[in-house]
Structure formats: C-alpha cells, structure tokens
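Open the model in your viewer and keep the selection tool at hand. The tour goes stop by stop, saying what to select and what is there.

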Amino acid sequence: MNGTALTVFIFFFILVTVMGFLAARWRRGDLGHIDEWGLGGRRFGTLITWFLLGGDLYTAYTFIAVPALLYGSGATGFFAVPYTIIVYPFVFLVMPRMWSVAKKHGFVTAADFVKGRFDSHWLALAIAVTGILATLPYIALQLVGMQSVISAMGITGKGFMGELPLIIAFAILAVYTYTSGLRAPAMIAIVKDIMIYLTIIVVVAVVPAKLGGFAHIFSVAQTVLSHRSTPGAVILSPKAYLPYATLALGSALALFLYPHSMTGTLSASGRKVVKRNAALLPIYSLVLAFITLMGYMAIADGIKTKDTTTVVPLLLLHQLPSWFAGFAFAAIAIGALVPAAIMSIAAANLFTRNIYKAYIRLGATSQDEARVAKLSSLVVKVGALLFIVLLPKSYAINLQLLGGVWILQTLPAVILGLYTRWLHRHALLLGWAAGMIVGTSMAIANGFKSSIFVLHVGQGAFAAYAAVDALVANLIVAVIFTFIFNAIGANKGADQTQASDYLTSEASA
C-alpha cells in the first residue's frame, strides 16, 4: 500500500465530501421542488456552468479510457479530440434553442420537450427509456475509473472487503446528492477541474522531459505499436479514415443528447450563458489532447499491462512523487463522483417526469416529483454499484458501447424537433425503433468488441461507426413514413410550443 498517496487521496476526498453537504445551503432554494433539486433552479451563471459541464463531460473514465485506447491501438484513440472540437459549434447553434423552450414551458428533460412538441406519450417514453438505459452503464464506467486508482494505491482484495472503499465512496456520494441535488456536483466540479488542470500541467512539464522529449516518445510508441499482435500506428492508415471520421462525428452529435449533458445545459441561467460556454469549453479539448498523449508516454515508459485501464495510474506512480500521484488520483476519483452525481440526477429526472408522473401518478405535485427523483437517484447509484461489484466490468463497457448507439437515435425527435415539426410523430417513433434495432444488431454482430461495423455493399466494404449507420436507417424510415402518414391524413397532434419560444431572451424568460 502506498501510504503517502493514500493519505493525500483521503484528504481531498474528505474535502469534497464536506463541500457536497454544504452545497445544500449554496444559492438557497426549495429543494423540495424538482426544478431546484434537479436543475439547480436554472440559476447557474457562465463560470459555474462551465465548471459543471466540464466536470460532466470530461469524466474519470475519459481520463482513464482515452489514454488506454491510445496505448492499445495508437492514433485511433485521438478521435476524442476532434469530436470535442466538432461538438461545440453544434452546441452553440442548437442548445440555446433548447434552453429557451425548456425555460418557457418548464421542461426538465428532453422527453418533456418531445412530449410538448409532438404530443406523443409513446415517443416521449421512448426518449426517456433510451436516456435512462444509455446513462446507467455510463455511471458504472465512472466506477471503473475510480477502481483503477484505488487499486493503484495498493487497496486490493477479493470479495466485499476489496470493494469496500468503492462502496463507501458511492454511499457518501448518494447521501450528499440526495440532500443537495445538482448544487453538490456543481460546487465539487470547481475543485475537480482545478485539480485536473494542475495534474495535466505537471504531467506535461515533467514526464516528457524525463522520457527524452515528445520526439522520442512518438518514436518509441511507433516502434512498439507496429510490433504488437494487432499492429497499431501513430499515424492513421487510409482504411481508418472513415471509421475515425464517423466515430468523431457520431460521438459529437450524441454527446449533448445524453441526459446528464442536457441537465447541465438546462441548469444555466440564460441562453447567453449556454452560448458563452460553447465558446469556452474547447479549452477542455486542449486538456484532453494532453490527457490522450499519456497513452504514448506510458508506452515510452515501458509500462506493460493487459488491463489498459491501469495505464495512467501506473504512469503517474512511476514518474511522479507519491504525494502528487495521490493528488492526481484524488482528481480522477472526484472526476468520477461529479459526472456520476449529475448522471444519476438526470436519470432520476427522466424517470420521475416521463414515467412516474406520466403513467404511475398523473396528478403528482412538484413536491412528489422531487421526492421520487431523490429516491430514484439513490436506486440508480445502487444499481450502478451492483453492476460493477457483481458483474465483470466488460459488461459495463459493452453496454456503454450500446449506449452511444442508442442515444444517437433520439436526435431526429430532439434536435430536428427544435427546428421543424415536419417529421410525423408516428414516423419518428418508427424511425427510432429502426435505429435501435439496426444499431443493436450491429453491436451484437461485432460481439460487443468494437463500435465500428463493416457494411458490405456490392463489392465494397465500408467500415463506420455503428451509431451513424443506425441513425441513417432511423432518418430514412422517419422520412418515408412521414410521407405515408401525411398521405393518409394521420393526426399530427397539437404543438404546445410557438416559434417565438425558441428565441426567448433572458429578459422575457
């Protein structure tokens, strides 16, 4: 056991735990109301929203998995960098419209918007269920990131005792999320992001110099990758262009469809705050590029491991003093708690608003909603914890692969719905079903080993991100059936929104 690293880790973990409980008194509001508990009262300004979204999107698993992909496969791992560059212009254009219409009508989730826009309980239910299913394995993967740093400090064991630190950490998370709602991860995200920035600055300043510089790091990485049983490279081959491009594009389109991203966006105090964050968040993309390079640093450092999730912790322990490694491990662990809290709140919001209130208790009050949301967030966390403790972590990784495929199938209803109501509500539901079936079938055909599916068309073979293929099928079905339903005069339902609702300013909101 690394006592120094563990001591530093525990200190910072206690610090954020105290902050989590104090957050209930920060920007006081009635936490018995779901708008206050689940969206922070929609009062977060530019700085808080920036930290919240940064903590929400750049997770512990990002810190662990992206360098691990570069370590294992080479240049393909860099897809995460262009996808985070692509996503922010998309956010700048689209999300202010979502914020405005949600503020105007009191929408808490994307499914709320779909219900109001298309007047379809079934389509809203499909969006809600998809969001919950895509979120649960995402929370579980945060635990994978936390597990890797806990084990790196020497806290290992079999059975219950081996998982006890993880259980304690998540129990604490569950309690302060229950009491403080979205305010807790918003406050903790400030500490988490500062710690991540300090860690990366030190790693970039110290580790490459100790390893002989970036030129040497890339040279060693190229040599090692090319001699592996499944060869990799630091430069993409032409065959990898389409998979790489579609993976980046599909991931970018999917990112803000996830419930936790939507929750972070809707918690902003105004549409201008959303726009400012779309302009400021690319700073995280620069940090992500340096995080990604840690995969090559690990290769140059001679680290050899079959479990690639341990690559970053091993590099930090080997190259940095124990006390700073403990600081970095705390940053990663807190980087698991922040998104896990937001994800559980987002999933709870979906269940409460779009399942409980829509089908179980139609006359639920705001207080009922808040109470059920708090309880649901606990259930979600317990489920994610049991997932990791009782099942192989490969299950969570496989389901997260499916999660990305699934959540992208909500794009036609949620994103296109912000601009047009031309697509028929029944056609959108059929398109969603087609996309879910196609995407899931592709993942199953790949044995859940890859998100890239090779599609054979005539004599050609086209490898692309399965989620994008499924989205194309989704859109084709939605368009074809829109023509059919319009031709037979099928009822399109009533639209609760008006054109001006999507452009509402802060003043009029």
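**Salt bridges**

Start with the charged side chains: the structure holds 11 salt bridges. This is a predicted model, so a look at confidence comes later in the tour.

Select R117 and D495, whose side chains meet in a salt bridge with an N to O distance of 2.6 Å. R117 belongs to helix α6 (residues 110-118) and D495 to the segment after α21, so this pair ties together parts that are 378 residues apart in sequence. Which of the two partners is buried? R117 is, with a relative accessible area of 8%. D495 has 28% relative accessibility and therefore counts as partly exposed.

Next select R353 and E369, where another salt bridge joins the side chains at 3.3 Å, N to O. R353 is in helix α16 (residues 322-360) and E369 is in helix α17 (residues 366-390), so the parts tied together here are 16 residues apart in sequence. Both R353 and E369 are buried.

Move on to D368 and R361, a salt bridge of 3.5 Å, N to O. D368 is buried, at a relative accessible area of 12%, while R361 is partly exposed, at 39%.

**Helix α13**

Select residues 271-280, which make up helix α13, and colour R271, V273, V274, N277 and A278, the buried residues there. They cover an arc of only 155° around the axis, which means that they sit on the same side of α13. An α-helix has 3.6 residues a turn, so residues three or four places apart point the same way.

What do the buried residues of α13 pack against? Show α3 (46-57), α5 (80-105), α12 (259-266) and α14 (282-300), which are their packing partners.

**Helix α21 and the nonpolar patch**

Display the surface and select L430, V472, I476, I480, F481, I484 and I488. These residues form a nonpolar patch with about 600 Å² of accessible area together. Which helix gives the most to the patch? Helix α21 (residues 466-487) does, with 5 residues.

Pick I480, a member of the patch that is found in helix α21. I480 has a relative accessibility of 45% and so counts as partly exposed.

Stay on helix α21 and select D469, which also has its place there. Is D469 buried or exposed? Its relative accessibility is 17%, so D469 counts as buried. Leaving out residues up to four places away in sequence, D469 touches M442, F453 and A464. For a distance across the model, draw a line from D469 to T305: the two C-alpha atoms are 34 Å apart, and the residues are 164 apart in sequence.

**Confidence**

Finally, colour the protein chain by pLDDT. The mean is 87, and 94% of the residues reach 70 or more. Select helix α8 (residues 159-180), where confidence is lowest, with a mean of 74. Then select helix α19 (residues 411-414), where confidence is highest, at 97. Where pLDDT is low, the predicted coordinates should not be read in detail.

Technical notes. Residues numbered from 1 in each chain as written. Predicted model: local features only at pLDDT ≥ 70, side-chain atom pairs only at ≥ 80, totals over all residues. Heavy atoms only, no water. pLDDT = per-residue confidence, 0-100. Helix = DSSP H or I, 4+ residues; strand = E, 2+ residues; numbered from the N terminus. Patch = residues over 30% accessible without salt bridge, like charges linked within 9 Å, V, L, I, M, F, W, Y side chains within 5 Å. Areas by Shrake-Rupley, 256 points an atom, 1.4 Å probe, with all protein chains shown as cover. Salt bridge = Lys/Arg side-chain N within 4 Å of Asp/Glu carboxyl O. Buried < 20%, exposed > 50% of the residue type's maximum accessible area, 1.4 Å probe, protein only. Contact = heavy atoms within 4.5 Å. Arc of directions from axis to C-beta.
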